Amino acid sequence: MAAVDSFQLLYREIARSCNCYVETLALVGACYTACKAVIFMRDCYSLIRVHFIPRLVCHRDLSQQYGEWAVICGASEEIAKAYAEELARHGISVILISNDIRNLADTAKAISDAHGVEAIWIEADFSQGSTACRPIRDAIAGKDIGFIINSLDGSLDTSQDFTDLSESAVWDTINRNVVAATLVTRLALPAMVERGKGAVVNISAGRCFCPTPRKAPLSASTAFFDNFSRSLHYEYGNRGVFVQSLLPFRVASQRSEGKGSAGWLVPSPEVYARNALLTLGISHRTTGYWPHTIQFGLVQCMPEWIWILGSRVFTRAT
């Protein structure tokens, strides 16, 4: 009995001495929970403010707010085409730029006929350096350029070890993404800054903040687009130019129609572009589509090793 009494006495003494620590830990836990609750409420408010409230606002006059012409670099991409058509629906004339002109002339004609705006197409091979800039410089001369849209080249999205890539494939990735976006922006941005209005939209990918094995050059290009946008925002945001980084996840395309139709999580390019344009002037960094924003938030909470493991499994399978 003496041993039992001694144990109970010891337990009470230890509990009494640790009581202050328990209260401290409880306070820390309460603060952590409150912090997480505030962050969750902030994210919910941001989701509503960016993706839902703009739908209630009356029609915007984009040509008056930004300018009458849009320069679309990477116009052969599905999202870029849809974005160009959505701008044309608002009365914006477009200049379509791509090194792949197989369907570019038909796209320009279709946009012009459907929406009654001017549509110009330009073939530009940015591996030629300044030579590729001449027709673009001539095309934008004297025009009220209000939009610069740069789209990541998805045709280069192949799964291959970096050492197995040919030099030409590496140069293609750099020229058609990094060089193209940089030069087109450099050509059209000065006039925007001089007028004190305009918008630059760089369409990257939702995976830009995580490294992707077996897609090293393209993964780095997505990060470049995102950081390029954010840097320009801090340079020219206070000078009337709105800069936006669009980070879409998977969007349906003509190439994927046989494998899966567009849906809630995988919208058609037209649905995505319509939603993304609503966020212009509101958010500087967004997925452009509210289900993608939820995906983006979930992926950000994911440990990097899980992302890498999933990427390796997926890229090996493809």
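Modeller: The secondary structure of the chain comes to 10 helices and 7 strands, where helices (H or I, at least four residues) and strands (E, at least two) are DSSP runs numbered from the N terminus. The radius of gyration is 25 Å, well over the 20 Å that the globule rule gives for 318 residues, so the chain is more spread out than a compact globule; the radius is taken over C-alpha atoms, and the rule is 2.2 Å times the number of residues to the power 0.38. Along the principal axes, the C-alpha atoms fill a box of roughly 100 × 50 × 40 Å.

This is a predicted model, in which local features need pLDDT of at least 70 and side-chain atom pairs count only at pLDDT 80 or more, while totals for chains, interfaces and linings use all residues. Residues are numbered from 1 along each chain as its sequence is written, and side-chain values use heavy atoms, with hydrogens and water left out.

Buried here means under 20% relative accessible area, exposed means over 50%, and partly exposed lies in between, using a 1.4 Å probe and counting protein chains only. For the chain, buried residues make up 41% of the 318. In a regular strand the side chains alternate between the two faces of the sheet. In β6, V241, V243 and S245 point one way and F242, Q244 and L246 the other way, all of them buried.

Strand β6 has a partner in β5 (residues 198-203), which runs parallel to β6 and is joined to it by 6 bridges; two strands count as paired if DSSP finds at least two bridges between them. Within this pairing, V200 stands opposite V243 of β6. The two strands also belong, with helix α7, to a right-handed β-α-β unit, a term used if, with the strands pointing away from the viewer, the path from the first strand over the helix to the second runs clockwise. Strand β6 also pairs with β7 in the parallel sense, over 2 bridges, and here L246 stands opposite T286 of β7.

For context, the structure holds 9 salt bridges. Another one joins D153 to R176, with the closest N and O atoms 2.8 Å apart. D153 sits in the loop between β4 (145-151) and α6 (167-195) and R176 in helix α6, so this pair ties together parts that are 23 residues apart in sequence. Here D153 is buried at 7% relative accessibility, and R176 is partly exposed at 23%. D172 joins D153 and R176 in a network of salt bridges.

Definitions and conventions: Salt bridge = Lys/Arg side-chain N within 4 Å of Asp/Glu carboxyl O.
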